[in-house]
Amino acid sequence: MTVATERPYEIVIGIETHVELGTLSKMFCPCSARWFGMPPNTLVCPVCLGLPGALPVPNRRAIELSMTAGLALHCEVPEHTKFDRKNYMYPDLPKGYQISQYDLPLNVKGWLEITGDDGSPKRIGIIRAHLEEDTGKLLHGDGYSLVDFNRSGVPLLEIVSAPDMSSVSEALAYADALREILIHAGVSEFRLEEGAARFDTNVSIRFREDGQVRWPPQSEIKNLNSLRALEQAVTFESGRLWEDWQAGGEIRTRKAKITVGWSPETGRTFLQRRKEEAEDYRYFPEPDLVALAPSRETVEHIRSSLPEMPSERRARFVAQYGLSDYDARILVSDPLLAALFEGAVAAGADAKTTANWITGETLRFLRERSVRAAEIPFTAAQLAELVGLIVKREISATIAKDVFAEMWASRKGPAAIVTEKGLRQVSDEAAIASVVDDVISAQAKAVADYRGGNKRALEALFGGVMGRTKGKADPQVVRRVLTEKLG
Ligand SMILES: [Zn+2]
């Protein structure tokens, strides 16, 4: 008998993703959009400070990137679209309104594909993706708050999915697929850790009770800024909704959704507001901007310039280079890793060995140093050179790791390092045989043990040879010569 682990309810999830676009300047002014880590209130002007009389000028690049994102997500770009004012008062919103898009967004009716829980491909609908401006940032101290307007006016794309995800793992797969697509399309770097991308997640539960389908109102979990937060918050909130229903709580009578926040410290959600308290944004068309009418030529030009998307690239890596699905997935997760791989292979490196050195040693170095792939200090050609030395057995795998570390530290090419340090592997049988003879006469006990049937004693002798050759002897030749001589 199997234990029923199935939940008594289905989780229904829709995600609104806010992601800053990778432009140099802000949405409606020439201030730099690269705000992260900059001294507070240094990237500001009358427009993004919302001073009276300042007029917005739309950022063409931001509009193009928004359409690029939409087309990469199989959206339609309508012929008529416009900006609207979303009115609300908040300390980080200096104008008292945000320029956004209300009823005519730049992108509608798209989809992206994930692997569903049953293992088969599943399409998640994209209802819309609209362009708006980011707000400033509040920093809370003990008894006071400070506001930094550097982020105010940075172009922000809001991508609204359909409520098509039915589990936490599907929600994570969606977030990951979206991240990959936007990075590959060159739309955004999707820097969750800097708050430049974040998720508002709508969670509800659906189940049968007394022969009827019950689907009580959802909770919107605001501002989740990591995949881990998304995973934990959705798990917690869906469980909480179910418990509240079971206990006859307020969910049984509530008619509208609630907004909650997520506290990573307590691992719980907390109520922010009920629908009845929600603001009326009094949207109206932005009077300082003309309506947008993207020409069909522009749309088709962007569509035809879209780069290869992650799913296509993964499939190609498997087919063209014979990589495992696992390796292809890791390489494609970051376009820079994928480019490093393809660059090295184009320079003549063996595909599988190259993939191993990227997914293994390279990623380990990045992780240990907490840096991004952009900071890899060697070129694809240098990696190809290293792989060539390994494949041709000019250096052993152990030595290769030392060479790799040296490449990272000194930025020198691997062949130069090998020559400089005299690391080239010794495969010459006569040279190895002479060292083997030395070791056999020096380690009489290990020899006796081995001949007496203790096969593990061979390792001591092998270690002796490798030690005397400073790791440079070809291990395969050493093993063969050793076993031959010990007969
Ligand atoms: Zn500005």
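Me: What is the handedness of the crossing of helix 7 and helix 8?
Reply: Right-handed, in this predicted model. The axes of helix 7 (residues 335-346) and helix 8 (residues 351-369) come within 10 Å and cross at roughly 145°.

Me: Which residues make the contact of helix 7 and helix 8?
Reply: Helix 7 brings Leu337, Leu340, Phe341, Ala344 and Val345. Helix 8 brings Ala351, Thr354, Ala355 and Ile358. Residues count as in contact if their C-beta atoms lie within 7 Å.

Me: What makes the contact of helix 7 with helix 8 nonpolar, polar or charged, by class?
Reply: Eight residues are nonpolar, one is polar and none is charged.

Me: Why are strand 2 and strand 14 called paired?
Reply: Pairing needs at least two bridges. Strand 2 (residues 84-87) and strand 14 share two bridges, so they pair. The sense is antiparallel. In one of the bridges, Arg85 has Phe284 of strand 14 as its partner.

Me: Why are strand 3 and strand 14 called edge strands?
Reply: The open sheet has three strands in the order 3-2-14, with antiparallel pairing. Strand 3 (97-100) and strand 14 (284-285) each pair on one side only.

Me: Which domains does the chain have, and where are their bounds?
Reply: The domain assignment gives domain 1 (10-298), domain 2 (308-421) and domain 3 (429-486). The centres of domain 1 and domain 3, taken over C-alpha atoms, are 65 Å apart.

Note on methods. Residues numbered from 1 in each chain as written. Predicted model: local features only at pLDDT ≥ 70, side-chain atom pairs only at ≥ 80, totals over all residues. Domains from an automatic or database assignment. Helix = DSSP H or I, 4+ residues; strand = E, 2+ residues; numbered from the N terminus. Axes fitted to C-alpha atoms, helices over the stretch in contact; angles between N-to-C directions. Left-handed = near helix turned anticlockwise from the far one by under 90°. Contact = placed C-beta atoms within 7 Å. Nonpolar A, V, L, I, M, F, W, Y, C, P; charged D, E, K, R; others polar.
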